[in-house]
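Subject: The structure you asked about

Hi there,

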Amino acid sequence: MTRRVGIYPGTFDPITNGHSDIIRRALHVVDHLVIGVARNDAKGPLFSTDERVEIVRDEMEHLENASAGRFEVRPFESLLMHFAESVGASIIIRGLRAVSDFEYEFQMAGMNARLNPNIETVFLMASDRYQFISSRFVKEIGALGGDIRHFVSPRVAARVLERFDGARAKSR
Ligand code: ADP
């Protein structure tokens, strides 16, 4: 039997309960999952690439069905298709939230299919409890001192708080 390798690319700035739910589901679909943390410096991330990789790895240690050896977390900055080819993936996993994600994801999947027709994009939906969560709003709420523990794990919440507290202390 061939081993089905999938990649789940994203910025993960930071990883939310929505991302973790997609990862849990993706592990039912593929034999091996590569979680690709995109460098995405242009997006001005709150956490550096190394930090985001470390935070995702830490989250994976706490994920129920994520047995070691079935996943890896890797940074990447190349074209997504090149990264997928380099890890031998046949599937790209993306998460779909409400209609807002659809147009962007639709275009990306279409263009990626042209770049390599042998790699399929597969969309997974998070549970309705996590559907509405976005890293962007987690950061906005965190920056204003709101409670983000509904949206991210306690470990991630602590990291976000620490980052904003540090920034506030510097600006004092
Ligand atoms: P990107 O910059 O590639 O959009 P993100 O980290 O924001 O990176 O998202 C990575 C993937 O996870 C995307 O496919 C996005 O739609 C999906 N995703 C993010 N949050 C959720 C969520 N709450 N439910 C389902 N999918 C999600």
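Read along the sequence, the protein follows the pattern β-α-β-α-β-α-β-α-β-α-α. That pattern holds six helices and five strands; both are DSSP runs numbered from the N terminus, with helices (H or I) of at least four residues and strands (E) of at least two. The radius of gyration is 16 Å, close to the 16 Å that the globule rule gives for 172 residues, so the protein is as compact as a globular protein of that length. Here the radius is taken over C-alpha atoms, and the rule is 2.2 Å times the number of residues to the power 0.38.

Before going further, please keep in mind that this is a predicted model, in which local features need pLDDT of at least 70 and side-chain atom pairs count only at pLDDT 80 or more, while totals for chains, interfaces and linings use all residues. Residues are numbered from 1 along each chain as its sequence is written, and side-chain values use heavy atoms, with hydrogens and water left out.

**The overall picture**

Along its principal axes, the C-alpha trace spans about 55 × 30 × 30 Å. Of the 172 residues, 47% are buried (buried means under 20% relative accessible area, exposed over 50%, and partly exposed in between, using a 1.4 Å probe and protein chains only). The protein exposes about 9,800 Å², and carbon and sulfur atoms supply 54% of that area. Accessible areas come from the Shrake-Rupley method with a 1.4 Å probe, and for residues only the protein chains shown count as cover.

**Salt bridges**

How many salt bridges does a search of the whole structure find? The search finds 12, where a salt bridge is a side-chain nitrogen of Lys or Arg within 4 Å of a carboxyl oxygen of Asp or Glu.

- Arginine 25 pairs with aspartate 21, the closest N and O atoms being 2.9 Å apart. Both lie in helix H1 (residues 17-29), four residues apart, or about one turn of the helix. Arginine 25 is partly exposed at 32% relative accessible area, whereas aspartate 21 is buried at 5%.
- Glutamate 54 meets arginine 159 at 2.9 Å, N to O. This pair links distant parts of the chain, with glutamate 54 in helix H2 (residues 49-61) and arginine 159 in helix H6 (residues 154-171), 105 residues apart. Glutamate 54 is partly exposed at 44%, and arginine 159 is partly exposed at 21%.
- Arginine 136 meets glutamate 140 at 3.3 Å, N to O. Both sit in helix H5 (residues 135-143), four residues apart, about one turn of the helix. Arginine 136 is exposed at 52%, while glutamate 140 is partly exposed at 37%.

**A buried phenylalanine**

Phenylalanine 83 is found in helix H3 (residues 80-86). It is buried, with a relative accessible area of 4%. Leaving out residues up to four places away in sequence, phenylalanine 83 touches Ile7, Val34, Gly36, Arg74, Pro75, Phe76 and Ser78.

**Backbone details in two loops**

The loop between strand S1 (5-10) and H1 contains proline 14, and the peptide bond from aspartate 13 to proline 14 is cis, with omega near 0°. Phenylalanine 12 is found in that loop between S1 and H1 too. Its phi is positive, about 50°, although phenylalanine 12 is not a glycine, and this residue is buried at 2% relative accessible area.

Now look at the loop between strand S2 (32-38) and H2, where you will find asparagine 40. Asparagine 40 also has a positive phi, near 45°, in a residue other than glycine. At 30% relative accessibility, asparagine 40 is partly exposed.

Enjoy exploring!

Best wishes

Key:
Contact = heavy atoms within 4.5 Å.
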